[in-house]
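Below is a short report on selected features of one protein model. It covers backbone geometry, helix packing, salt bridges and the surface.

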Amino acid sequence: MSKFFTRERFGRPQILAGFLLVTFMAQCIWLLLGSAKREEVDSAQLFRVQEGLHQWRGESIAGTPSMDRVEAGTFPPPEVEQNAGYDPNHSPLWYLLASAPLLGWHPPDVNTPLYWGWLERLPYIVFGVLLGASVWYVARRLYGNAGGYVALAFYCSSPAILRSSTLWFVEPEMGAAWGTFGAIFTAIAVAHTLYAPREVVVWNWRRILLLGLSLALAVGCQFSLIVLAPMALGFMLYVAPTRRQAAVVIWLAAGVVALLLLLAAYGFRLEWFWQGIRHARFFQLSGQAFTMKWSYQRILGQMGQAGPALLVMFPAALIVYCVWPRSRYFGNTAPLLVATLFLVLGLGMPHYPGTGFLLMAVPFLFVFVAGIGADLLETRQREAVMACIWGLLVANALWNLMELARVGRG
């Protein structure tokens, strides 16, 4: 036990990161208190909770055609009703996560959201904290303490992240976001271990399970994130070019784990699983969206919601990346590639799941910006760079606090 509680694991950096995450949770609680003042109930929220509870009780499979919906007096969203009763974007896992805190609760009453609405939000606050911890851990491993602090500070004062963690007029996507982030960087991490002289598959069983869990969580909460599977394999093959056979074996093993977890979400009923996949809509790219001015304005608006300072930091970091060869290494390139792909997919899908891809891009943007910032802090212009970063971080935090104050005033 003494070897676990060491300065390397629980030192000053971990304490400061923990403090930032505590402030993040405090902001989430503030938003929860603000949402409690709303008397109306979101019909989509009520639907996913009741669907999940029906499956937890063994009555039906969430997101699939069921008579329990009629008996409960709930009506599915249009995209479900128009898709033969199947949810085209989510597996039952999405519903099970939303309703898990309400196990043992009677069917939620539409007139009492104050008593059950906050419970449904708890899993996503947990996912938000876990994703924040993951962003800090990855950025710190890649760029040192400075990179970890910058990435986490942006994350903890991001309105988009806070809204998604508390379901403030948005769909629950934080589970998918954490799974997405974990899938990419777990794949990269496991590929780096292939250089060790060990039995790679047996020794990597923990990372295989983590990669499988991440893929299942991401794809189960948003079918279109199946794109993560080839992305993860691509990174593994690139990082370990001399051990590609082992990388493929590990990727396949993680895929089997993910498939079993998704099958478990369907109650191990192969027929329902097959029908759910058959009715899924993985990609709905629109070529016309790439030619519409409104689509690009929407992207800029979403980036502004991720953090106003990001509208300054990301273009600046991108310019530095393009003109400064020293910054073009894998640690910076990987998050940039992932974020760019998600932004392109979000641009080509004006509606859901395009909005989901935009959220998935945010943590990778924070990591990329933190990496460029950490590189600049190692130059002779360290003082000027430090002043700019501090100014943007403080301005971003103050703007976020002003928006939270507006919520408090109703």
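Phe-169 counts as exposed because its relative accessibility is 55%; buried means under 20% relative accessible area, exposed over 50%, and partly exposed in between, with a 1.4 Å probe and protein chains only. Phe-169 sits in the loop between helix H7 (159-166) and H8. Helices here are DSSP runs of H or I with at least four residues, numbered from the N terminus. The phi angle of Phe-169 is near 60°, a positive value in a residue other than glycine.

Ala-84 also has phi near 60°, again positive in a residue other than glycine. Ala-84 is found in the loop between helix H4 (78-81) and helix H5 (92-99).

## Basis of the model

The model is predicted: local features need pLDDT of at least 70, side-chain atom pairs count only at pLDDT 80 or more, and totals for chains, interfaces and linings use all residues. Residues are numbered from 1 along each chain as its sequence is written, and side-chain values use heavy atoms, with hydrogens and water left out.

## Packing of H8 and H11

Helix H8 (residues 174-192) packs with helix H11 (residues 228-239) at an angle of about 25°, and their axes are 8 Å apart. Axes are lines fitted to C-alpha atoms, for helices over the stretch in contact, and angles run from 0 to 180 degrees between N-to-C directions. H8 and H11 are therefore roughly parallel to each other, a term for angles under 35 degrees; over 145 is roughly antiparallel, 65 to 115 roughly perpendicular, and the rest oblique. Their crossing is right-handed, meaning that the near helix is turned clockwise from the far one by less than a right angle.

Ala-232 is part of helix H11. With a relative accessible area of 1%, Ala-232 is buried. The C-alpha atom of Ala-232 is 6.9 Å from that of Ala-183, and the two residues are 49 apart along the chain.

## Salt bridges

Side chains of opposite charge can pair when their charged atoms come close. The structure holds 3 salt bridges, each defined as a side-chain nitrogen of Lys or Arg within 4 Å of a carboxyl oxygen of Asp or Glu. One of them joins the side chains of Glu-120 and Arg-48 at 2.6 Å, N to O. Glu-120 lies in helix H6 (residues 113-156) and Arg-48 in helix H2 (residues 43-56), so this pair ties together parts 72 residues apart in sequence. Both Glu-120 and Arg-48 are buried.

Glu-378 and Arg-326 also meet through their side chains in a salt bridge (2.6 Å, N to O). Glu-378 is in the loop between helix H17 (354-376) and helix H18 (382-408), and Arg-326 in the loop between helix H15 (310-323) and helix H16 (330-348), so the pair ties together parts 52 residues apart in sequence. Glu-378 counts as exposed at 53% relative accessibility, while Arg-326 is partly exposed at 41%. A further salt bridge links Glu-403 with Arg-406, whose closest N and O atoms are 3.3 Å apart. These two residues, Glu-403 and Arg-406, are 3 residues apart in helix H18 and so separated by about one helical turn. Glu-403 is partly exposed, at 27% relative accessibility.

## Nonpolar surface patch

Ile-226, Phe-283, Leu-285, Phe-290, Tyr-296 and Val-344 make a nonpolar surface patch of about 510 Å². Patch residues have over 30% relative accessible area and no salt bridge, and nonpolar side chains (Val, Leu, Ile, Met, Phe, Trp, Tyr) are joined within 5 Å, like charges within 9 Å. Accessible areas come from the Shrake-Rupley method with a 1.4 Å probe; for residues, only the protein chains shown count as cover. Leu-285 lies in the loop between helix H13 (270-278) and helix H14 (293-306), and at 49% relative accessibility Leu-285 counts as partly exposed.
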